[in-house]
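Hi,

Please have a look at it first, and then read on.

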2 protein chains.
Amino acid sequence: MNARPKSAATRTKILEAALELFRERGYEAATMRAIAERAGVSLGNAYYYFGSKEHLIQGFYDRTHIEHVAGVGAKLDGLKDFKSRLLWVMRKKLETIEPYHRFAGLLFRSAADPASPLNPFSSESQPVRREATELFGRVVEGSKGIHKDLRVELPNLLWLYHMGIVLFWIHDKSQGRWRTWQLMERSVDLVAKLVTVASYSALGPPRRAALAMIRKLRETGDENTKPPGRH
Amino acid sequence: MNARPKSAATRTKILEAALELFRERGYEAATMRAIAERAGVSLGNAYYYFGSKEHLIQGFYDRTHIEHVAGVGAKLDGLKDFKSRLLWVMRKKLETIEPYHRFAGLLFRSAADPASPLNPFSSESQPVRREATELFGRVVEGSKGIHKDLRVELPNLLWLYHMGIVLFWIHDKSQGRWRTWQLMERSVDLVAKLVTVASYSALGPPRRAALAMIRKLRETGDENTKPPGRH
DNA sequence: GTCTATAACCGGATAGAC
DNA sequence: GTCTATCCGGTTATAGAC
């Protein structure tokens with residue numbers, strides 16, 4: 001966050017050490033003391049750069065997202081239909097996170113806690129989520145045959161869908177995570193079919209009703225909202 | 001877990017004290033030391049009964065589930081169509097958990113952690129989950145017009161659906177949780193319609209395909225399974 | 001004002017005596 | 001089954017160096 005090169009270098013060193021230790025020992029066993037030691041800084045200094053151990057995880061999110069985008073690369077532009085575009089992005093996602101499976105559960109454990117900065121719905125994680133959603137935006141943009149109204153909300157829905165797959169992956173104990181792969185491929189197929197059906201122009205009213213509900217879903221973050229008054 | 005009355009009494013005292021303090025101060029602020037003190041036992045003794053602070057939460061799950069079932073009561077038997085049955089059960093759910101909203105986030109935070117005993121997919125929480133699923137089983141049993149194949153898997157799907165609503169509720173900061181109520185009512189409607197459509201006998205093949213995928217989903221708990229060999 | 005270090009604090013968890 | 005004493009690791013307070 002600081003522009004000075006020295007500061008940035010120290011920050012990187014600490015994050016680097018943390019990710020290494022998470023990989024080697026898992027999240028719990030990687031103590032802040034050990035992380036600081038490996039980074040060659042004092043414990044207090046590590047806390048100067050990262051407000052808490054959980055904040056180190058934000059670094060993990062950022063990093064895997066960058067790797068994911070790099071993995072997706074330019075090939076996405078060559079794919080023209082929705083299904084193969086989504087499939088490609090999801091494949092790359094699973095490949096990117098695979099090395100972290102051992103401790104991913106612990107990393108994601110705060111996802112359900114509204115008070116945690118890691119919660120994907122929290123303001124602190126907004127930047128990563130927005131970028132991740134944009135990737136799904138690219139999937140939609142380059143696809144044909146999707147109804148205009150659907151295009152607005154679809155990236156958010158696909159982000160949510162991908163979180164569901166990741167959640168399954170976290171719990172997946174099968175060899176090489178083959179169950180997750182299977183589920184992903186089948187569900188991508190299903191999603192693509194749903195999108196096709198939902199795009200039929202004859203389905204205007206139910207589509208609008210469903211989209212209205214989905215829009216509501218996204219508004220949860222807004223605080224203290226009052227119910228609509230009676231007329 | 002112990003049959004002796006003395007043991008059971010101490011156990012209850014500790015759980016009681018814990019739930020009180022959770023309510024008063026929230027999960028984090030209710031220290032094990034304070035819980036032990038209020039229960040009139042030593043810290044070590046509290047740990048004799050509950051392996052960890054998280055294990056106390058299991059007690060919370062159990063308790064709210066019992067309250068939920070009591071709230072649903074006999075009235076469920078009087079309702080005949082699927083939609084009103086599901087609506088009734090979901091309403092009672094939201095009413096039951098409402099008093100715990102303040103600290104519910106912290107209670108549910110471990111839900112995403114495969115290593116946690118609180119994870120609803122873990123073996124330790126199996127009994128509660130099974131009982132909760134059975135409640136949705138009752139919803140399905142008493143309803144007409146649902147295809148036979150669907151009846152097997154539907155209780156599990158409804159349990160999952162209800163977990164989604166609870167997740168939304170956790171993050172809901174609107175007054176009186178009206179957003180959750182609105183979402184619940186609209187989505188119950190949607191679910192009911194989906195079940196109706198999915199029950200059309202003309203839809204045999206796609207229904208079977210979807211159910212096959214869903215069955216796969218449930219098998220994640222099984223450890224170290226190998227991918228199906230090639231033929 | 002930016003960075004780094006040392007020394008405590010606090011609370012979850014465990015060991016071992018009774 | 002119950003206690004006391006202790007450990008361990010996340011976090012904070014604070015002092016001082018650049």
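One definition to begin with: a crossing of two helices is called right-handed if the near helix is turned clockwise from the far one by less than a right angle, and left-handed if anticlockwise. Please keep in mind that this is a predicted model.

The helix pair
In chain B, helix H9 (residues 148-171) packs with helix H10 (residues 178-198) at an angle of about 160°, and their axes are 11 Å apart. That angle makes H9(B) roughly antiparallel to H10(B). Their crossing is right-handed. On the H9(B) side, the residues in contact include B:Leu154, B:Tyr161 and B:Trp169, and they meet residues of H10(B), among them B:Leu183, B:Met184 and B:Val191. By type, the residues of this contact are 13 nonpolar, 2 polar and 1 charged.

The DNA
Turning to DNA strand D, you will find 18 residues around it, and the closest are A:Met32, A:Arg33, B:Ser7, B:Ser42 and B:Tyr49.

For B:Asn45, the partner is a sugar or linking oxygen, at 3.0 Å.

Which helix gives the largest share of the surface near DNA strand D? That is H3(B), with 4 residues. The residues of this surface divide into 7 nonpolar, 8 polar and 3 charged.

Best wishes

Technical notes:
Residues numbered from 1 in each chain as written. Chains lettered and ligands numbered in written order. Predicted model: local features only at pLDDT ≥ 70, side-chain atom pairs only at ≥ 80, totals over all residues. Heavy atoms only, no water. Axes fitted to C-alpha atoms, helices over the stretch in contact; angles between N-to-C directions. Helix = DSSP H or I, 4+ residues; strand = E, 2+ residues; numbered from the N terminus. Parallel < 35°, antiparallel > 145°, perpendicular 65-115°, else oblique. Contact = heavy atoms within 4.5 Å. Nonpolar A, V, L, I, M, F, W, Y, C, P; charged D, E, K, R; others polar. Near = heavy atom within 4 Å. Polar contact = N/O pair within 3.5 Å; in protein donor to acceptor, adjacent residues only side chain to side chain.
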